[in-house]
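Morning, everyone. I have one structure to walk you through today. Have a look at it first.

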Amino acid sequence: MSSLSVDEILKNAVRDPITPNEAIILLKKITSYDKALELFKVATSVRGDEIDNKFKFDGFIGTITRCTTNPPCRYCGRSAKNRSDTFTEPLTLEEIETGAKLIAETGVKCVEIGGGTVWDGAGNKVIEAVKTVKSVAPELKIWVNVGPALSKDDLLKLKELGVIEVCSSLETFNPKVFTETKPGDSMEARKKLAKEIDEVGLGLTSVMMVGLGSSYEDYVNHIFWLKKFKNLSHFPITGFRPIPGTPMENHPMASPIEVAKVGAVARLVLRKVDLSFGGMMNDPRLLPLWIMAGANRAIHLGPHVHRLRQGSWFEIRYSQEVVVKNIGKLQFQNMLPLTTRIVKDMGMEVDVS
């Protein structure tokens, strides 16, 4: 392991990407707020030098496919004893069209269309959804997140349609933790999809979850595995949040500062890749922490369209700036008036037309 100190590693990281050993040193030895601030300062400097000072907000439309993972992931709401399938009822093409129009009107330039993993394939449904969005909002860039439910042929068709990114998330790089928390899922299928996304020339998005049970070494191995993909374009980092009624309801919630620390270290490795935070971090009150940690993109803090349900965190009205419209079984929520103000307060520009 490197004999360099935290200060020396951070000084060198301003110019050059850090090594795996250096990443582990930073994660293990930065245990106070003052050292975390030093890490964040370097992460934001790298973001400014390697990318720019603009923060991007994506729209979201979902869910477009129902998840068939069985048994469900142990942290997912689908595994809750008192779960309701109302929220995961896939949107119709007409509803996707309505959502695309609403999101395009906000001025965002990119939208995620997402859903659960259909293990016998979801290519046709995804392609139909993409065509629907394109028909009413041709200016919107699109990325897709439905897990390992797409073949290589599907990916090629999506590329022909102008899709810019496809997601294949592992959440954890530790095989034991993966099996324990995602017993109905397949790490190999997700790795295979990531490889095929890269091979066909689509941008690769892949999510890592902090607090699921992975070690610092697991986080670093995960980050450097992703670094090998030449078309890696977006790295969202989420934090574990226990959902009542699920098998992991008593598992400790991730610390927001720990999630941010892992993200900042990732920024020192993946210097030109879009970095965002999610999961429990999808809270506008934590957006300044995202920015301090080197993020330049957000998925669920802009405009999104989803099924209407009661008691959802989506319904929290952080301020009267947040626009909420209920349309039949749909809810449209636009957080941009609030979140763009926060980004500007942090000294960044907003990449929204």
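Which residues does Ser214 touch, not counting residues up to four places away in sequence? Keep that in mind for a moment.

A word on the source: this is a predicted model.

Now the answer. Ser214 touches Thr172, Val177 and Tyr219, once residues up to four places away in sequence are left out. With Thr172 there is a polar contact, side chain to side chain, at 2.6 Å. Where do we find Ser214? Look in the loop between strand E7 (208-210) and helix H9 (216-227). Is Ser214 buried or exposed? The relative accessible area is 14%, and buried means under 20%, so Ser214 is buried.

Let's step back to the whole chain. How many helices and strands does the protein chain have? There are 12 helices and 14 strands.

What about the inside? Of the 353 residues, 56% count as buried. Take the contacts with a separation of 6 or more: 75% of them come from residues 24 or more positions apart.

Charges, quickly. We have 46 positive and 42 negative side chains. The centres of the two sets lie 1 Å apart.

Next stop: Glu112. Find strand E3, residues 110-114, and Glu112 is in there. Glu112 has 4% relative accessibility, which is under the 20% limit, so it counts as buried. What does Glu112 touch, not counting residues up to four places away in sequence? The list is Gly59, Phe60, Ile61, Trp143, Asn145, Ile299 and His300. Asn145 comes up again: its side chain makes a polar contact with the side chain of Glu112, at 3.3 Å. For a sense of scale, go from Glu112 to Ser215. They are 103 residues apart along the chain, and their C-alpha atoms are separated by 30 Å.

On to Ser233, in strand E8, residues 232-239. The side chain of Ser233 makes a polar contact with the side chain of Glu165, at 2.8 Å. Beyond its neighbours within four places in sequence, Ser233 is in contact with several residues, including Gly203, Leu204, Thr205 and Arg297. Val273 and Asp274 are among them too.

Now some backbone details. Where are the cis peptide bonds I want you to see? One joins Gly62 and Thr63, with omega about 5°. Thr63 lies in the loop between strand E2 (59-62) and helix H4 (93-104). Another runs from Asn70 to Pro71, with omega near 0°. Pro71 also has its place in the loop between E2 and H4.

One more backbone angle: Glu171. Its phi is near 70°, a positive value in a residue other than glycine. Glu171 sits in the loop between strand E5 (165-167) and helix H7 (175-181). Its relative accessible area is 12%, under the 20% cut-off, so Glu171 is buried.

To close, back to where we began. Ser214 is buried, and its side chain makes a polar contact with the side chain of Thr172. Thank you.

Methods
Residues numbered from 1 in each chain as written. Predicted model: local features only at pLDDT ≥ 70, side-chain atom pairs only at ≥ 80, totals over all residues. Heavy atoms only, no water. Helix = DSSP H or I, 4+ residues; strand = E, 2+ residues; numbered from the N terminus. Buried < 20%, exposed > 50% of the residue type's maximum accessible area, 1.4 Å probe, protein only. Contact = heavy atoms within 4.5 Å. Lys, Arg positive; Asp, Glu negative; His and termini not counted. Charge placed at Lys NZ, Arg CZ, Asp CG, Glu CD. Polar contact = N/O pair within 3.5 Å; in protein donor to acceptor, adjacent residues only side chain to side chain.
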